[in-house]
Amino acid sequence: MTSEVNVPGAAPAMPLLRRWEAASIGTVWRRPGDWFTPAAEALAEALEARLDTAPAAYRLGEARALVGVGITEAIDDMAVLFRAAGYESAPIRSIRALCEGWTAGDAATRVEPAMNDPESGLGSNDYLVARLGELYGAAERDGTTVSEAYALVLVDVAAADTDPWQRMARNAAIGQSLRDAYGKGRPMARLADGLYAVLVDRGPDMGRGIAELRDHISRRAGQMRVGNLMRQPPRVWIESLPDLHDYAVELVESLHR
């Protein structure tokens with residue numbers, strides 16, 4: 001048995017970008033569907049061409065922060081790239097540039113929260129947090145308990161190996177499925193790539209509604225020809241809401257990443 005070692009300048013068995021993506025998803029990356037970004041491709045190309053990787057690393061850090069990827073995950077991911085190219089570690093200058101870009105991107109996301117997700121047509125993570133704030137505020141004024149009256153329905157259809165265009169098609173299909181199932185006015189959001197949430201009323205038929213929703217999503221995906229781009233069958237479950245608003249916000253943030 002022989003082992004293959006990547007050495008800088010050696011002919012790769014597969015393009016560096018693909019080796020990087022496969023290794024990262026297999027080790028440090030949490031959600032396969034949101035790994036690809038043009039900034040990652042630019043960084044891989046700069047490394048292959050033996051150019052200064054710091055400018056591309058800055059853009060990658062910025063792109064990662066804008067979609068909610070944590071700084072630790074972003075650094076670990078870039079380290080995988082340099083190992084995949086045959087280096088022991090990423091150069092300090094590129095790590096610093098990645099962190100600077102991430103800081104800039106993180107600051108940009110805090111200026112004005114986006115309330116709408118353009119790919120799915122649903123609300124964003126910030127939208128759901130805002131609606132929960134209204135719900136908990138009303139419950140406090142009325143002397144009621146949110147956890148007894150409401151819950152979140154979570155839908156996870158995430159699948160690996162989807163390019164940006166496939167991802168957008170899948171998000172559009174799931175967004176339409178949820179609007180068909182729940183109608184207008186129901187708080188719904190895309191929390192992450194392939195992960196969606198719906199705020200629902202608790203009731204005796206909630207469990208049966210989950211099964212019907214799973215079947216509805218599968219049918220809609222087939223009609224829109226995106227069934228092969230998502231988990232089959234879709235994972236659908238009920239997530240209980242905590243009694244306090246601060247804990248509800250923490251719950252949504254944990255689901256977001």
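This report describes the fold, the nonpolar core and the sheet of a predicted model.

**Overall architecture**

The protein chain holds ten helices and four strands. Along the sequence, these elements follow the pattern α-α-α-α-α-α-α-β-α-β-β-α-β-α. Of its 257 residues, 44% count as buried. Among the contacts of the protein chain with a separation of 6 or more, 72% are accounted for by residues 24 or more positions apart.

**The helical core**

In soluble globular proteins, nonpolar side chains tend to be buried together. The largest nonpolar core of this model has 26 residues, and the members that touch the most others are Leu 16, Trp 20, Leu 43, Leu 60, Met 78 and Leu 81.

| Helix | Residues |
|---|---|
| α1 | 16-27 |
| α2 | 38-48 |
| α3 | 54-66 |
| α4 | 71-84 |
| α5 | 92-109 |

The greatest contribution to this core comes from α4, which gives six residues. Within α4, the buried residues are Glu 73, Ala 74, Asp 77, Met 78, Val 80, Leu 81, Phe 82 and Ala 84. Leaving aside neighbours within four places in sequence, Leu 81 is in contact with Leu 16, Trp 20, Leu 43 and Leu 47.

The geometry of α4 can be checked against its length. With 14 residues at 1.5 Å a residue, α4 should span 20 Å, and the C-alpha atoms at its ends are 20 Å apart, so the two values agree. After α4 comes Gly 86, with a positive phi near 100°.

Leu 16, Leu 17, Arg 19, Trp 20 and Ser 24 are buried in α1. Viewed down the axis of α1, these buried residues fall within an arc of 160°, and they therefore line one face of the helix. The buried residues of α1 pack against α2, α3 and α4.

**The sheet**

Strands of a sheet pair through backbone hydrogen bonds, either parallel or antiparallel. Here, four strands form an open sheet in the order β2-β3-β1-β4, with antiparallel pairing. Its edge strands are β2 (188-192) and β4 (235-240), each of which pairs on one side only. From one strand to the next, the twist averages 30°. Helix α6 (residues 125-142) packs on the sheet, where it touches β1 (150-156), β2 and β3. The direction of α6 makes about 130° with that of β2.

The pairing of β2 with β3 can be followed residue by residue. β2 and strand β3 (residues 195-201) run antiparallel and are joined by four bridges. Ala 192 stands opposite Leu 195 in β3, and Ala 189 has Ala 197 of β3 as its bridge partner. Two residues lie between the strands in the hairpin of β2 and β3, where Gly 194 takes a positive phi near 85°. Although β2 is an edge strand, it is mostly covered, with five of its five residues buried.

Conventions. Residues are numbered from 1 along each chain as its sequence is written. This is a predicted model: local features need pLDDT of at least 70, side-chain atom pairs count only at pLDDT 80 or more; totals for chains, interfaces and linings use all residues. Side-chain values use heavy atoms; hydrogens and water are left out. A nonpolar core is a set of buried Ala, Val, Leu, Ile, Met, Phe, Trp, Tyr and Cys residues joined through side-chain atoms within 4.5 Å. Buried means under 20% relative accessible area, exposed over 50%, partly exposed in between (1.4 Å probe, protein chains only). Contact means heavy atoms within 4.5 Å. The expected span of a helix is 1.5 Å times one less than its number of residues. Two strands pair if DSSP finds at least two bridges between them. Axes are lines fitted to C-alpha atoms, for helices over the stretch in contact, and angles run from 0 to 180 degrees between N-to-C directions. The arc is that of the directions from the helix axis to the C-beta atoms.
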